[in-house]
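Open the model in a viewer and keep the sequence panel beside it. The stops below are given in the order in which to select them.

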Amino acid sequence: MSLEFTVQYPETFPDLLGDTPEEFEAEAKWAMAVKLFELKRLSSGMAAMLVGVDRVTFLLKLADYGVPMIDLPDAELMSDIKNA
């Protein structure tokens, strides 16, 4: 079973961004999925499912939003470097 929710926005938003309503809505859906992934609320697989793509496609698109695929704490990165 799938649920659905609606987001209301002024009809001028897509035009202001040079998008069609469909493009604007698709980008909004991607932005939501990426942000939920960044906040660690969704796994990459769950976020990919939300936007209707495979996991690899989702992970590769993260760069467009400035979000890293892997977000390790600095301490963990330094530990990995020292152990290499």
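Is Phe-37 buried or exposed, and which of the two is Phe-58? Select both residues: Phe-37 is buried, and Phe-58 is buried as well. The model is predicted, and local features are described where pLDDT is at least 70.

**Whole chain**

Zoom out and colour by secondary structure. The chain has 5 helices and 0 strands, and from the N terminus on its elements run α-α-α-α-α. Switch to a surface view. The accessible surface comes to about 6,800 Å², with 59% of that belonging to carbon and sulfur atoms. Of the 84 residues, 19% count as buried. Among the contacts with a separation of 6 or more, residues 24 or more positions apart account for 32%.

**Aromatic pairs**

Show the side chains of Phe, Tyr and Trp. How many aromatic pairs does a search of the whole structure find? The search finds 4. Select Trp-30 and Phe-58, a stacked pair with 5.7 Å centre to centre and 10° between the planes. This pair links distant parts of the chain, since Trp-30 belongs to helix 2 and Phe-58 to helix 4 (residues 55–61), 28 residues apart. Both Trp-30 and Phe-58 are buried.

Next, select Tyr-9, Phe-13 and Phe-24. Ring pairs link these three residues into a cluster.

Return to helix 2 (residues 21–38) and select Val-34, which lies in it. Is Val-34 buried or exposed? Val-34 has a relative accessible area of 3%, so it is buried; the cut-off for buried is under 20%. Show its surroundings and leave out neighbours within four places in sequence: Val-34 is in contact with Phe-58, Leu-62, Tyr-65 and Val-67.

From there, go to Ser-44. Val-34 and Ser-44 are 10 residues apart in sequence, and their C-alpha atoms are 8.7 Å apart in space. Ser-44 is found in helix 3 (residues 44–51). With a relative accessible area of 8%, Ser-44 is also buried. Which residues does Ser-44 touch, not counting those up to four places away in sequence? The list is Phe-37, Arg-55, Phe-58 and Leu-59. Phe-58 is therefore among the contacts of Val-34 and among those of Ser-44, and it is itself buried under the cut-off of 20%.

Select Lys-61 together with Trp-30. Lys-61 lies over the face of Trp-30, at 5.5 Å from the ring centre. How exposed are the two partners? Asp-64 counts as exposed because its relative accessibility is 58%, whereas Lys-61, at 29%, is partly exposed.

The count of salt bridges comes to 2. For another of them, select Lys-35 and Glu-38, whose side chains meet at 3.0 Å, N to O. Lys-35 and Glu-38 are 3 residues apart in helix 2, so about one helical turn separates them. Both are partly exposed: Lys-35 has a relative accessible area of 42%, and Glu-38 has one of 34%.

Where in the chain is Ile-70? Ile-70 is in the loop between helix 4 and helix 5 (74–83). Its relative accessible area is 62%, so Ile-70 is exposed.

Note on methods:
Residues are numbered from 1 along each chain as its sequence is written. This is a predicted model: local features need pLDDT of at least 70, side-chain atom pairs count only at pLDDT 80 or more; totals for chains, interfaces and linings use all residues. Side-chain values use heavy atoms; hydrogens and water are left out. Helices (H or I, at least four residues) and strands (E, at least two) are DSSP runs, numbered from the N terminus. Buried means under 20% relative accessible area, exposed over 50%, partly exposed in between (1.4 Å probe, protein chains only). Contact means heavy atoms within 4.5 Å. Rings of Phe, Tyr and Trp (its six-membered ring) pair if their centres lie within 6.5 Å; planes under 30 degrees apart count as stacked, over 60 as edge-to-face and the rest as tilted. A charge sits over a ring if NZ of Lys or CZ of Arg is within 6 Å of the ring centre and within 35 degrees of the ring normal. Accessible areas come from the Shrake-Rupley method with a 1.4 Å probe; for residues, only the protein chains shown count as cover. A salt bridge is a side-chain nitrogen of Lys or Arg within 4 Å of a carboxyl oxygen of Asp or Glu.
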